[in-house]
Structure formats: C-alpha cells, structure tokens
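Please have the sequence and the 3D view open as you read.

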Amino acid sequence: MEKVNYKKFYPTAVALYFTYFIHGIGASILGQYKQDFASMWGAKVLEDGTFDVSMVVSVIAALGLGRLISLPFSGPISDKFGRRISGIIGVICYALYLGGIVFSPNMAVGYAFAIIGGVANSFLDTCVTPSCMEIFPENGSVANLFTKFSMSIAQFALPFGIGFVASSALSFKTIFIIAAVAIAIDGILIAFLPFPKANATETEEPKKEVKKEKMKFTPASIALICIGFTSSSTFMIWLNCNQELGKLYGLADPSKIQSFYALGTVCAILVSSFLINKGLKAVRILIMYPAISAAMLIAIYFIKIPSICLVGGFVLGYAAAGGVLQLCVSTANEMFPKDKGKITSIVMIASSVANYTIISFASYLIKVGGATNGPTNVVLLNIAVTVIGVLLAVYVNIENDKMEKARKVA
C-alpha cells in the first residue's frame with residue numbers, strides 16, 4: 001500500500017492554525033471592549049460612572065447560540081463534503097462577524113452578528129480539528145492542542161494591540177477590521193491548499209465501514225461530551241467576566257489579567273504536549289487541570305486582594321483554558337474514528353450550550369448583583385460547574401481503565 005506523504009499538508013496546517021489565531025482574538029475581544037460597545041449601544045450609566053455591560057455579555061453569549069444552531073449540520077457537512085468547504089464557510093462567517101459587529105447600531109444587530117460569529121466557530125471547529133488530526137495522525141492529541149496554542153498566542157498579544165490602538169488614538173474598531181481582512185486572506189489560501197482525505201483509514205473501503213457502524217454512545221462517552229460543557233464553562237466565564245472582578249478587588253489595570261491568562265495557556269499547551277509525548281494519557285489531564293481550576297477559583301473567592309486576579313489569570317489560563325476542551329475532543333475522536341466531524345460537532349454542541357446558557361446566566365448575576373456582588377457570584381457559579389467537571393472526569397477515567405483492562409484480557 002502506498003504511504004501518504006503528510007508533509008505536503010503542512011502549509012495547510014499552518015493556514016488552519018491561523019484561523020484559530022484570529023478566533024483567539026474574536027473569542028475574547030468583545031470582553032475587552034465591553035465599555036465601548038455598551039456606550040455605542042446606549043447602555044445606562046451606573047453610579048460609578050461606568051456603563052452597564054450586561055447587554056454586551058448577552059451578545060457574547062450569542063456566540064454560543066450561533067455555534068449551537070450550526071453544529072448539528074456543520075459536522076456532517078465536514079464529513080460529507082470535505083474539510084475545505086467547512087473551513088471556507090467558517091472563514092466567510094468570521095469575516096462577516098468581525099467586520100459587522102463594530103458597525104452595529106444597536107444591541108439587536110450586534111446580537112445577530114454574534115450569532116454569525118458562532119456559526120463561523122462551529123464550521124472552523126469541524127474543519128480544523130479533524131484536519132489537523134488527519135495531517136498529524138501519529139500525534140493527533142498534540143496537533144489538536146496546538147489549535148488552542150494558536151488562540152493563546154493571539155490572546156496574549158491582544159492586550160498589547162489594544163494598548164497600541166489606545167496610545168495611537170485609533171478607534172477601538174481597528175483590531176476588528178484588521179482581523180477580518182487577515183482571516184479573509186487566509187480563507188483564500190485554504191481554498192487552494194491540499195487537504196488529506198477525510199476520515200482516512202488504511203483500507204480502501206471507507207464508505208462501507210462508515211455505513212456498517214452507527215455511532216454507539218456509552219455512559220463514558222456521554223460523560224466525555226458533558227465535559228465539553230463544563231470545561232468550556234470554566235474558561236468562558238473567567239475570560240468574559242474577569243475584568244469586573246479585577247475592578248472589584250482593586251486591581252489598577254484589569255486588562256493585565258488577559259495577558260497572564262494567555263501566558264498560562266501557552267505554558268499549558270507546551271507542558272501538556274511534552275507530558276503526552278512522554279506517555280501521560282490525555283484522560284488523566286481531564287481530571288488534573290479542572291481540579292487545579294476548582295482550587296484556584298475557591299482561592300479567588302476567599303482571598304480578595306488585587307494580586308489574586310493576576311495569579312488566578314495565569315493558573316486558570318493554564319488549567320482551564322490550557323487545552324482541556326481540545327483533549328476532550330481528541331479523546332472523543334479516538335472513540336469514534338469513523339465519525340470525527342460528527343463527534344467534534346457533538347462535543348462542541350455541549351461547549352456551545354455552555355457558552356450560551358452559562359454566559360447568559362453570568363450576565364444575569366452581574367445585572368442583579370451589581371458591581372459589588374455580581375463578580376463574586378459569578379465566581380461561585382464557576383466553582384460549581386468546574387467541580388462537576390472534575391467528577392465527570394473521574395468517572396471517564398474509571399471507565400477508561402476498565403476498558404483497557406478488558407482489552408488486555410482479550
């Protein structure tokens with residue numbers, strides 16, 4: 001049998017990882033410019049002179065709604081019509097989202113563009129994750145971790161970009177427009193670069209195999225899908241609500257939390273990749289990192305000093321955003337090797353439900369709790385969800401160990 005030369009797909013991998021670099025900007029930039037959007041959309045002014053940002057947090061939640069709407073069909077489209085088509089759709093929608101939301105005259109229009117951004121995210125998920133695992137078949141988990149690495153590099157650089165825009169007296173819309181143009185150019189490359197065969201196997205009869213076996217869900221696989229919900233909740237709540245907590249705790253420059261968060265994420269990707277290559281199972285990380293996140297969130301709740309926000313930013317960047325969702329997806333892909341696009345969609349649907357429901361609830365807590373109680377109530381919510389994630393991961397690991405013992409006996 002002729003061996004596939006995967007090196008010819010490496011430029012494709014670079015182009016795909018770049019979409020996640022832009023996604024790193026798109027997923028967090030609204031959280032950095034909440035006051036600007038609140039002002040632009042006519043939010044009410046609070047007692048301390050700032051704008052009520054609850055409407056902006058609701059728009060951020062709409063990113064999850066867009067993913068939720070589109071993921072049921074983005075996975076099958078990716079498996080049936082190819083990763084390239086899925087990627088191109090994602091790029092077009094992302095350019096529309098970034099370019100459109102900054103010119104939205106009110107919250108309703110911004111909400112619509114955020115939904116389009118969520119659609120973009122889902123099509124990129126079902127293109128990039130399976131493609132990179134197919135380009136690097138021997139190191140699928142590590143390849144998928146580097147999607148998060150690309151996002152983290154962008155999120156680390158973003159505060160510096162925001163600082164440059166502010167010091168240059170440029171509009172806050174600048175970064176959005178540059179990112180929209182950049183991903184559009186990358187989309188042109190994706191349209192022409194070669195892709196590996198989707199769901200490739202070593203046999204010449206992939207169609208027969210796909211038709212033979214339907215996806216069968218075990219309690220462990222369902223728990224794994226639920227981890228898609230909990231792991232996303234942990235980092236999405238922190239990513240979008242840490243600025244208000246920093247202000248409450250007296251941090252002079254809350255935007256620094258973002259840099260510490262991104263630095264922690266970059267460190268986690270490098271350390272996790274090293275540990276996995278040395279033999280640590282990805283399912284073990286699904287317990288370890290959420291447990292660290294839960295402990296850090298508890299410390300943040302009780303230790304109300306400015307520096308805890310920076311320490312928490314780094315630790316949660318490492319443990320919550322350091323690839324837990326990506327390793328969850330990789331593990332799910334290994335469970336369903338013939339339905340990578342579909343299982344990626346299912347895990348990301350759980351992630352999208354988290355993005356929409358949890359962030360919407362966080363918005364409600366901020367609104368009813370105000371500047372004094374809202375941020376700490378959000379931390380309590382995050383603790384509860386993260387602890388549930390730890391329990392789910394313990395169960396997945398127990399079942400995984402049982403399955404491995406059964407295989408050895410057989």
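Where in α6 does a kink lie? The kink lies at Leu-158, shortly before the proline Pro-159, and amounts to about 35 degrees; the bend at a residue is the angle between axes fitted to the seven residues ending there and the seven starting there. This is a predicted model, in which local features need pLDDT of at least 70 and side-chain atom pairs count only at pLDDT 80 or more, while totals for chains, interfaces and linings use all residues. Residues are numbered from 1 along each chain as its sequence is written, and side-chain values use heavy atoms, with hydrogens and water left out. Helices (H or I, at least four residues) and strands (E, at least two) are DSSP runs, numbered from the N terminus.

**Helix α6 and what follows**

- Helix α6 covers residues 140-167, 28 residues in total, and reaches 42 Å from its first C-alpha to its last. That is close to the 40 Å expected at 1.5 Å a residue, where the expected span is 1.5 Å times one less than the number of residues.
- Gln-155 is found in α6 and counts as buried at 2% relative accessibility. Here buried means under 20% relative accessible area, exposed means over 50%, and partly exposed is in between (1.4 Å probe, protein chains only).
- Leaving aside neighbours within four places in sequence, Gln-155 is in contact with Gly-24, Ser-28, Leu-239, Gln-258, Tyr-261 and Ala-262; contact means heavy atoms within 4.5 Å.
- After α6 comes Ala-169, placed in the loop between α6 and α7 (174-192).
- Ala-169 counts as exposed, at 69% relative accessibility.

- Helix α1 has 23 residues and reaches 33 Å from its first C-alpha to its last, close to the 33 Å expected at 1.5 Å a residue.
- Of the 23 residues of α1, 18 are buried, so α1 is largely enclosed by the rest of the structure.
- Two packed helices are described by the angle between their axes and the distance between the axes.
- The axes of α1 (residues 10-32) and α3 (residues 54-81) come within 10 Å and cross at roughly 170 degrees. That makes α1 roughly antiparallel to α3.
- On the terms used, axes are lines fitted to C-alpha atoms, for helices over the stretch in contact, and angles run from 0 to 180 degrees between N-to-C directions. Angles under 35 degrees count as roughly parallel, over 145 as roughly antiparallel, 65 to 115 as roughly perpendicular and the rest as oblique.
- Gly-26, Leu-30 and Gly-31 of α1 meet Val-56, Ile-60 and Leu-63 of α3. The residues of this contact divide into four nonpolar, two polar and no charged.

**Helix α11 and its cover**

- Helix α11 (residues 282-302) has 21 residues and reaches 31 Å from first C-alpha to last, close to the 30 Å expected at 1.5 Å a residue.
- Its buried residues include Ile-285, Leu-286, Tyr-289 and Pro-290.
- What covers the buried residues of α11 includes α9 (219-248), α10 (256-277), α12 (306-319), α13 (324-335) and α14 (340-409).

**Other residues worth a look**

- Asn-121 is found in helix α5 (residues 107-135) and, at 9% relative accessibility, counts as buried. Not counting residues up to four places away in sequence, Asn-121 touches His-23 and Arg-67.
- Gly-42 lies in the loop between α2 (34-40) and α3 and is exposed, with a relative accessible area of 58%. Gly-42 and Asn-106 are 7.6 Å apart in space, C-alpha to C-alpha, and 64 residues apart in sequence.
- Lys-405 lies in helix α14 and counts as exposed at 58% relative accessibility.

Note on methods:
Nonpolar A, V, L, I, M, F, W, Y, C, P; charged D, E, K, R; others polar.
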